[in-house]
Amino acid sequence: RRDPEEAPGPAAPATVRPAARSPSDGATPVTHPLSHGRASSGRMAEDPWRDRRLPESMREELRRPLGPVMSGADAFEAIRTAPCVVAVGDACTADLAARGREPDVAVVDFKTKREADDALGARVRTIGTKVLLAASPAATLTRDVWAALDEAFKSGERVRIEVLGEEDLAALAAIDLAPEGTAVLYGQPGEGVVLVWADARAKA
């Protein structure tokens, strides 16, 4: 699998940074690290603490979908009986919920195509019974996102992760951390929805 490179600099505990917008009421900041001892077959999970920044040389490569691109309707049919579903992106999350399948884990940043979308944000704020916050600048996959996803999969609740920044790369961490058999959906701008099944092949 294509991984962003590690961001330089010393490791620091996962914290939620201040943001211009106010997070949803009741949101829980992620303030703890991932367990270094957690077993995982994914390469990226060998040291899930590390921030990873997407280098310019890989940006074009990572624009290519990691799985089949399909319409929202086809994606809904494909994951209808999945034991666990992760949706990354506001439009993807809202579309799936509108079709009758609220994701078990939703990762949102209240933006569409990097522009704030208040109407869509209002819709996704109704999704989930537990809310976590994670900070992640553009083109970066941070330890905050790793920690939030790890907690979400362990919680047994429907979780909405609100990203302060951008959630672009969260699908990579979701695929790596998700239990096998999980369906991970994310938007492919201008094309549709990408579906990746979190199996040994996707995690390799």
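Modeller: Alanine 106 stands opposite arginine 160, a residue of strand E11. The model is a predicted one. Another partner of E11 is strand E9, which covers residues 130-136. The pairing of E9 with E11 is also parallel and runs over seven bridges. Here leucine 133 is the residue opposite glutamate 162 of E11. E11 itself spans residues 159-165 and is mostly covered, with six of its seven residues buried.

The largest pocket has a volume of about 1,000 Å³. Its lining is made of 32 residues, and those nearest the centre are Glu167, Asp168, Tyr186, Gly187 and Pro189. Several elements give two or more residues to this lining, among them helix H1 (56-62), strand E7 (111-112) and helix H6 (170-177). Strands E12 (182-188) and E13 (192-198) are also on that list. Helix H3 gives the most to the lining of the largest pocket, with four residues. By class, this lining holds 14 nonpolar, six polar and twelve charged residues.

The second largest pocket has a volume of about 170 Å³. Eleven residues line this pocket, and Leu66, Val196, Trp197, Arg201 and Ala202 are the closest to its centre. E13 and helix H7 (200-203) each supply at least two residues of the lining. The largest share, three residues, comes from E13. Sorted by class, the lining of the second largest pocket has seven nonpolar, one polar and three charged residues.

A search of the whole structure finds one cavity of 30 Å³ or more. The volume of the largest cavity is about 50 Å³. Its lining consists of Gly72, Ala75, Phe76, Cys92, Asp95, Leu96, Leu185 and Val193. Helix H2 (72-79) and helix H3 (90-98) are the elements that give two or more residues to this lining. Six of the lining residues are nonpolar, one is polar and one is charged.

H3 contributes to the lining of the largest cavity and to that of the largest pocket. E13 is listed for the largest pocket and for the second largest pocket.

Key:
Residues are numbered from 1 along each chain as its sequence is written. This is a predicted model: local features need pLDDT of at least 70, side-chain atom pairs count only at pLDDT 80 or more; totals for chains, interfaces and linings use all residues. Side-chain values use heavy atoms; hydrogens and water are left out. On a 1 Å grid over the protein atoms alone, a cavity is a set of points where a 1.4 Å probe fits but cannot get out, and a pocket is an open set with protein on both sides within 12 Å along at least five of seven lines; lining residues have an atom within 4 Å of a point. Grid points are joined across faces, edges and corners, and a volume is the space filled by probe spheres set on the points. Ala, Val, Leu, Ile, Met, Phe, Trp, Tyr, Cys and Pro count as nonpolar, Asp, Glu, Lys and Arg as charged, and the others, Gly among them, as polar. Buried means under 20% relative accessible area, exposed over 50%, partly exposed in between (1.4 Å probe, protein chains only). Two strands pair if DSSP finds at least two bridges between them.
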